[in-house]
Amino acid sequence: MNKQKMAVIGLGHMGRIMIHRLLPQYGEKIELVALCDSDESSLYREVAAAGISPRLYTDYRQLLNEVALDLVYIAVPPSLHYDVAQIAFEKGIHVFCEKPLANSLTEARSLVELAEKANVLHAVHFSLPLDPAVLKLKGLLEEQAIGQILKMDLYLEFPQWPRSWQQNPWITSRQQGGYLLEVGIHWIQMIQQVFGPITHVKSEIEFPPDSNQSESRVRAVLRLHNDIEIHLSGTDQREGEERVSLVVHGEEGTMALENWRSLFRSGKDAHLQPVPVDDVVSPLPILKQIIQILNGEPGLIYNFYDGYNAQVVLEALRMPGEGFTDLRPQLMGAKR
C-alpha cells in the first residue's frame, strides 16, 4: 500500500498535536513530507523534537507549488484558511482544515463551492460529536432516558480569555479570535449533528472598548428546527474555573455534558450522577477516518457543508440583528 503524502501548514497548538501525537499513530499509512510555519525557528524546534525530516517551508504557497501531495492539513489562523484551501483545491489536493472553516460566511460558502468543483475530500476538524461522552448522550436521548426534551443550556464561561496555553497574536482579536469562534463553534456543530438544525438565533453581545478585542459577554437563544430552545451564556469573567458545558432538561430528568467529556444524568427530583462512557467505542480520531476514506474504505468525517452550516450560526451570534434571525435561507443541505 502506498502511503498518503501529507503536509502540515501551521505549527500552532493544533499543528503541534498533529505532528507529535496523531501522525505517529499512522506512520504505516501516511507520510509527512512537508511542514510550513512562518516562524522558521519553530519549524526547526518542532522537527527536532518529533525526530522527523520533512521538507521545511515558511511560505505555504511555495510548499503547495513544489511538493506533490495527497493531503494537506490546514492549521493556520482562520484568516488564512481560504487562501491555503483554494490553492490546494486548484491542485487537486485533499483538504483537512481546522475550524472555523473560514473567516467569514462569504469565504465559507465559496470554499464549499471550490471543494465540490475540485471533487476531492474536504473535511473540517470537528471531533466533539464522535467523542464517547457525546455518543453516550445521544444514545440515551434516543432511548428517551429523560423523556421529551424541554430546553437546553449552553455555557461558554471562562475566567480569562485567552486561556493560559493559548498565547498567539490573533486569539483575542475580534476578526479571528474569541471564545465563540475558538470554542463555541465546536458546540454549535455538535448540537447540529445530535439535535438537528439550528434555525433561529437571537443574540446580545458585548465587546470591550478596544475595537480590536473579541467578545466579553454573550447572551443568546438558539432555536432548533423543532422549536426547542438553547440558552447560551458566555463570558470571559467567570469566577472560578471555566465551564464549557451543555445541559439538557427533559420531562423526566436532566443530562449534562460538563467540560467537554464528563457526562451526568439525573431523574426528575434527583441530583446529577456520573454516567460511565467506557463502554462506548469511538471512531476518533478524524485523521483515522480520513485515511480510511483515502484508501477506499468507509469513513465518517464532517465536511465543508458542515463547516459552513456551523459558521452560519456563529456569524448570527457574533453579528446579531433585531429579535430572532431566521437562518433557514442560508443553511445548506449537507452532502456526504
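Helices (H or I, at least four residues) and strands (E, at least two) are taken as DSSP runs and are numbered from the N terminus. The structure is a predicted model, in which local features need pLDDT of at least 70 and side-chain atom pairs count only at pLDDT 80 or more, whereas totals for chains, interfaces and linings use all residues. Residues are numbered from 1 along each chain as its sequence is written, and side-chain values use heavy atoms, with hydrogens and water left out.

Two open sheets are described, where two strands are said to pair if DSSP finds at least two bridges between them. Strands of a sheet pair through backbone hydrogen bonds, either parallel or antiparallel. Strands β1 and β2 run parallel and are joined by six bridges, with isoleucine 9 standing opposite cysteine 36 in β2.

Burial is defined by relative accessible area: buried means under 20%, exposed over 50%, and partly exposed in between (1.4 Å probe, protein chains only). In helix α8 (residues 286-294), seven of the nine residues are buried, so this helix is largely enclosed by the rest of the structure. The buried set consists of Ile286, Leu287, Gln289, Ile290, Ile291, Gln292 and Leu294, and these residues pack against β1 (4-9), α1 (13-22), β2 (30-36), β4 (71-74), β5 (94-97) and β6 (122-124). Glycine 296, which follows α8, has a positive phi near 80°. In helix α1, the buried residues are Gly15, Ile17, Met18, Ile19 and Leu22; their cover includes β1, β2, α2 (40-50), β4, β5 and α8.

The other open sheet has nine strands in the order β14-β13-β12-β11-β7-β10-β9-β8-β15, with mixed pairing. Strands β14 (273-274) and β15 (325-326) stand at its edges, each with a single partner strand, so one side of each is left without a neighbour in the sheet. Within this sheet, strand β10 (residues 229-235) has five of its seven residues buried and is therefore largely enclosed by the rest of the structure. Strand β7 (residues 149-157) pairs with β10 in the parallel sense over seven bridges, and threonine 235 in β10 is the bridge partner of glutamate 157. Strand β9 (residues 217-224) pairs with β10 in the antiparallel sense, also over seven bridges; here, arginine 223 has glutamate 229 of β10 as its bridge partner. The pairing of strand β8 (residues 198-206) with β9 is likewise antiparallel and extends over eight bridges, with arginine 219 in β9 as the bridge partner of glutamate 204.

Aspartate 227 is found in the loop between β9 and β10. The hairpin of these strands has four residues between them, and aspartate 227 takes a positive phi near 75°. Aspartate 227 is exposed, with a relative accessible area of 57%.

Helix α7 lies across β7, β8, β9, β10, β11 (243-250) and β12 (253-258), and runs at about 160° to β7. The axes of helix α6 (residues 132-142) and helix α7 (residues 179-195) come within 11 Å and cross at roughly 35°. Val134, Lys138 and Leu141 of α6 make this contact with Met190, Gln193, Val194 and Phe195 of α7. Glutamate 182 is found in helix α7 and counts as buried at 16% relative accessibility. Apart from residues up to four places away in sequence, glutamate 182 touches Lys99, Trp161, Gln166, Trp170 and Ile171.

A nonpolar core is a set of buried Ala, Val, Leu, Ile, Met, Phe, Trp, Tyr and Cys residues joined through side-chain atoms within 4.5 Å. The largest such core has 117 residues, and those with the most contacts inside it are Leu63, Leu64, Leu156, Trp187, Phe195, Leu246 and Phe304. Helix α7 gives the most to this core, with eleven residues. Leaving aside neighbours within four places in sequence, tryptophan 187 is in contact with Leu128, Leu154, Leu156, Val244, Ser245, Leu246, Leu257 and Trp260.

Key: Axes fitted to C-alpha atoms, helices over the stretch in contact; angles between N-to-C directions. Contact = heavy atoms within 4.5 Å.
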